[in-house]
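Let's take a friendly walk through this model, from its domains to its helix packing and its ligand. Please keep the sequence and the 3D view open as you read.

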Amino acid sequence: MAPQLLWIGLGNMGRGMVKNLVEKGNLEKPLIIYNRTRKRSEELAAKLPEGKTEIIDSLEDGIKKADIIFTIVSNDAVVQSVYQDLLKGDVAGKLFVDCSTIHPDTTNKVAKLVTDKAAQFVASPVFGAPPAAEAGMLVFVPAGAKSSIEKIRPYFKGVMGKAEIPFEDKPQSDALKLKLIGNSFILNTVTMLGEGLTLAEKTGVGVEPLQQLVDILIGGVYSIYADRMIKGTYWKMEEPLFSADNARKDGGHAMKLAESVGVDLKTVAVADDYLKSVAEYAGGDKGDIAGIYGSARLKAGLKYENDA
Ligand SMILES: NC(=O)c1ccc[n+]([C@@H]2O[C@H](COP(=O)([O-])OP(=O)(O)OC[C@H]3O[C@@H](n4cnc5c(N)ncnc54)[C@H](OP(=O)(O)O)[C@@H]3O)[C@@H](O)[C@H]2O)c1
């Protein structure tokens, strides 16, 4: 019999992931969805085919019916509080999958709480921004028991994702370590672009030739972020795609992880300095990571907002 799935967390990432799971996941039963703010569940359910989702108001109700529980919420404190609620009753035999980006030590703590209750736990952080979640193009990094990963693999490639980097029968924290190292690349990319575009403008070279160079020479994530900056999306968006708060959380975890093994992540400290100024200017939950461009502009005596 097909498992009953429960999804917790309908933020920027969760909404796109659920859309793809419902549309392409071959679910036999409606996907049970829960979000702290109910309105988000209602808005999402209204956009999806009728009868494909079931909104719940209490985690206790949802957990009783579910076999596999996916979570993707903001940060370590929220993950821990959600799991405290989830693990109150009898959860033996159920499989929990956390896709949030948190510190590897927190993941290990959550894994222990889950396995102490005779349930299974896979950490599966994801690479890709909300547009990639919406397009079903995420990269999943599952870590935990191979037998547990095999149960959720059908929902990854071709459904919510385009690829998988598995850590089978490895500690769940390995996935989070890779995620934090990977996100340090993103933080550096955005910082380089923010500074480079500001320099291009101030030297009179102009941002368009630099964008052309980035597209021809590097492409990929660089091009996506250059576009988000040059078009002014970083200050025009009502909701951030990757909030300054979440980016600072990831950078802080990456620096702590590096420090714990005697590595100095100097470049991430630079990104964090810019992000602090994004949070001060636009709000930590409203400012976007690409606002690093605005922050670099401010430092150079320009307006935060570009003329796009
Ligand atoms: N955005 C990205 O580019 C990206 C990419 C990869 C991974 N991630 C990671 O994925 C996770 C989610 O990111 P996101 O961009 O989707 O974040 P988001 O848009 O800020 O959504 C956060 C989610 O957490 C819930 N939440 C926050 N505080 C809560 C609380 N105290 N109790 C219960 N639920 C709470 C929110 O519920 P409400 O709707 O009620 O606020 C929402 O569902 C984060 O760990 C992030 O680092 C993000």
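Two residues are in contact if their C-beta atoms, placed from the backbone, lie within 7 Å. With that in mind, look at helices H5 and H8 in this predicted model: Pro104, Thr107, Asn108 and Ala111 in H5 meet Gln172, Ser173, Leu176 and Lys177 in H8. By class, this contact of H5 with H8 has 3 nonpolar, 4 polar and 1 charged residues. The crossing in which H5 passes H8 is right-handed.

| Helix pair | Residue ranges | Axes come within | Crossing angle |
|---|---|---|---|
| H5 and H8 | 104-116 and 172-202 | 8 Å | roughly 155° |
| H13 and H14 | 266-282 and 292-299 | 8 Å | roughly 90° |

How are the helices of each pair oriented to each other? Angles over 145 degrees count as roughly antiparallel, and 65 to 115 as roughly perpendicular. H5 and H8 are therefore roughly antiparallel, and H13 and H14 are therefore roughly perpendicular. From H13, the contact is made by Ala271, Tyr274, Leu275, Ser277, Val278 and Tyr281, while H14 brings Ile292, Gly294, Ser295, Ala296 and Leu298. Sorted by class, the contact of H13 with H14 has 8 nonpolar and 3 polar residues, with no charged ones.

Stepping back to the whole chain, you will find it divided into domain 1, spanning 5-170, and domain 2, spanning 176-299. Taken over C-alpha atoms, the centres of domain 1 and domain 2 are separated by 27 Å. Where the domains meet, 15 residues of domain 1 are in contact with 14 residues of domain 2. On the side of domain 1 that touches domain 2, the residues divide into 9 nonpolar and 6 polar, and no charged residue is found there.

Finally, the ligand. Which residues are the closest to the ligand? Among the 25 residues that surround the ligand, the closest are Gly11, Met13, Arg36, Thr37 and Thr101. Two or more residues of the shell come from each of helix H1 (12-24), helix H4 (76-86) and helix H12 (244-260). H1 gives the largest share of the shell around the ligand, at 3 residues. By class, the shell holds 11 nonpolar, 11 polar and 3 charged residues.

Why does the ligand lie between domain 1 and domain 2? Both domain 1 (5-170) and domain 2 (176-299) give residues to the shell around the ligand, so the ligand lies between them.

Conventions. Residues numbered from 1 in each chain as written. Predicted model: local features only at pLDDT ≥ 70, side-chain atom pairs only at ≥ 80, totals over all residues. Domains from an automatic or database assignment. Nonpolar A, V, L, I, M, F, W, Y, C, P; charged D, E, K, R; others polar. Axes fitted to C-alpha atoms, helices over the stretch in contact; angles between N-to-C directions. Helix = DSSP H or I, 4+ residues; strand = E, 2+ residues; numbered from the N terminus. Parallel < 35°, antiparallel > 145°, perpendicular 65-115°, else oblique. Left-handed = near helix turned anticlockwise from the far one by under 90°. Near = placed C-beta within 6 Å.
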